[in-house]
Amino acid sequence: MTSATGENFESLDDMIIRTAESTAANVRAARAGIGAVIFGQEAVVERTLITLLSGGHGLLVGVPGLAKTKLVETLGVVLGLDARRVQFTPDLMPSDILGAEVLEESAGGRRSFRFIPGPVFAQLLMADEINRASPRTQSALLQSMQEGHVTVAGVRHDLPKPFHVLATQNPLEQEGTYPLPEAQLDRFLMEIDVDYPDRDSERKILFDTTSAEETKPRAVMTAEELAAAQRLVRRLPVGESVVEAILTLVRSARPGSEAGDLSKFIAWGPGPRASQSLMLAVRARALLDGRYAPSVDDVVALAEPVLKHRMALTFAARADGETVPGVIAKLAKRIG
């Protein structure tokens, strides 16, 4: 019996390894497919894919013209997701995102309400310039991002799976905007900075986007394969050293004794959701690199995008020239 049980466990391990190998190959092919269309943004593509593999939502921050919208459109095609885009404006209402009930009259004169789903009923929703909408409209996404369903007129409506929100923000223009509250920022697994491309990448962009034939993305994965990859990420083993590194990093990013001499700089820090996000993200990064267990290096690499929108510095720290990324780098150096 022991022998038979041992054989069963061995075959199960073999099956997991085969699944992991094929999934990792699909994910790497997806990254290559995105890289064929989006140039000079390798780190952004990697972090966005990590966010989706972790089953989370991402906040893309960058000035206009850096291909944030094109990235989301490309992700939808390459990953085989039903993608939709909503341009957030001050007059946007919650029903414009969630949907609404309309009164209909049948041929027999019978009246009834019918729910018309809004654009949130997609597998990949792009919330373009999310901080331009009112807090009332922003909060309409809270339930969907956290719970995977919306409630309209007291009736629950489940969202398709997988469901992801990729929101964008312009860090320069703040007039006429409504900064996202901390509760909503915490719903985003990562805040991803989109920077300018390097010279060679921009040269490639010039030729590719102004020629007669522009490179088009093609489907590499399906929604079912992405969902399978997300389940696999949650099954990857995490060593005790990595768990301790995550706990040490997140807990030291809060004001208190665990922050040591940096505590005086921190006004408030990340909650347990940051630890959960980092735990999933390091597994996803390992899978994206073809590894089947994360390392402490993964924790250090993802510390800034996972933590920086979940903490704030004191006025004195800002007056001394300290920044959130700078403080996180000092905290990460302790575990690196």
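Analyst: Quick definition before we start: a residue is buried when its relative accessible area is under 20%, exposed when that area is over 50%, and partly exposed in between. Also, keep in mind that this is a predicted model.

User: Okay, is Lys-330 buried, partly exposed or exposed?

Analyst: Lys-330 has a relative accessibility of 37%. Buried needs under 20% and exposed needs over 50%, so Lys-330 lands in between and counts as partly exposed.

User: Which residue does Lys-330 meet in a salt bridge?

Analyst: The side chain of Lys-330 brings the nitrogen to this pair, and the N to O distance is 3.2 Å. The partner in the salt bridge is Glu-322.

User: How many salt bridges does the structure hold?

Analyst: Lys-330 with Glu-322 is a salt bridge, and Glu-304 with Lys-308 is another, at 3.5 Å from N to O. Some charged side chains also join up in a network, namely Arg-285, Asp-289, Arg-291 and Asp-298. For the whole structure, the number of salt bridges is 16.

User: In the pair of Glu-304 and Lys-308, which residue counts as buried?

Analyst: Glu-304 has a relative accessible area of 29%, so Glu-304 is partly exposed.

User: How many residues apart are Arg-273 and Asp-186?

Analyst: These two form a salt bridge, with their closest N and O atoms 2.6 Å apart. Arg-273 belongs to helix 11 (residues 272–288), while Asp-186 is in the loop between helix 7 (182–185) and strand 9 (190–193). The bridge links distant parts of the chain, and the separation in residues is 87.

User: At roughly what angle do helix 10 and helix 11 cross?

Analyst: Two packed helices are described by the angle between their axes and the distance between the axes. Here, the axes of helix 10 (residues 240–252) and helix 11 come within 10 Å. The crossing is right-handed, and the angle is roughly 140°.

User: How many nonpolar residues are in the contact of helix 10 with helix 11?

Analyst: Helix 10 brings residues including Val-242, Ile-246 and Leu-249, and helix 11 brings residues including Ser-275, Leu-278 and Met-279. By class, the contact has one polar residue and no charged ones. The number of nonpolar residues is nine.

Methods: Residues are numbered from 1 along each chain as its sequence is written. This is a predicted model: local features need pLDDT of at least 70, side-chain atom pairs count only at pLDDT 80 or more; totals for chains, interfaces and linings use all residues. Side-chain values use heavy atoms; hydrogens and water are left out. A salt bridge is a side-chain nitrogen of Lys or Arg within 4 Å of a carboxyl oxygen of Asp or Glu. Helices (H or I, at least four residues) and strands (E, at least two) are DSSP runs, numbered from the N terminus. Buried means under 20% relative accessible area, exposed over 50%, partly exposed in between (1.4 Å probe, protein chains only). Axes are lines fitted to C-alpha atoms, for helices over the stretch in contact, and angles run from 0 to 180 degrees between N-to-C directions. A crossing is left-handed if the near helix is turned anticlockwise from the far one by less than a right angle, and right-handed if clockwise. Contact means heavy atoms within 4.5 Å. Ala, Val, Leu, Ile, Met, Phe, Trp, Tyr, Cys and Pro count as nonpolar, Asp, Glu, Lys and Arg as charged, and the others, Gly among them, as polar.
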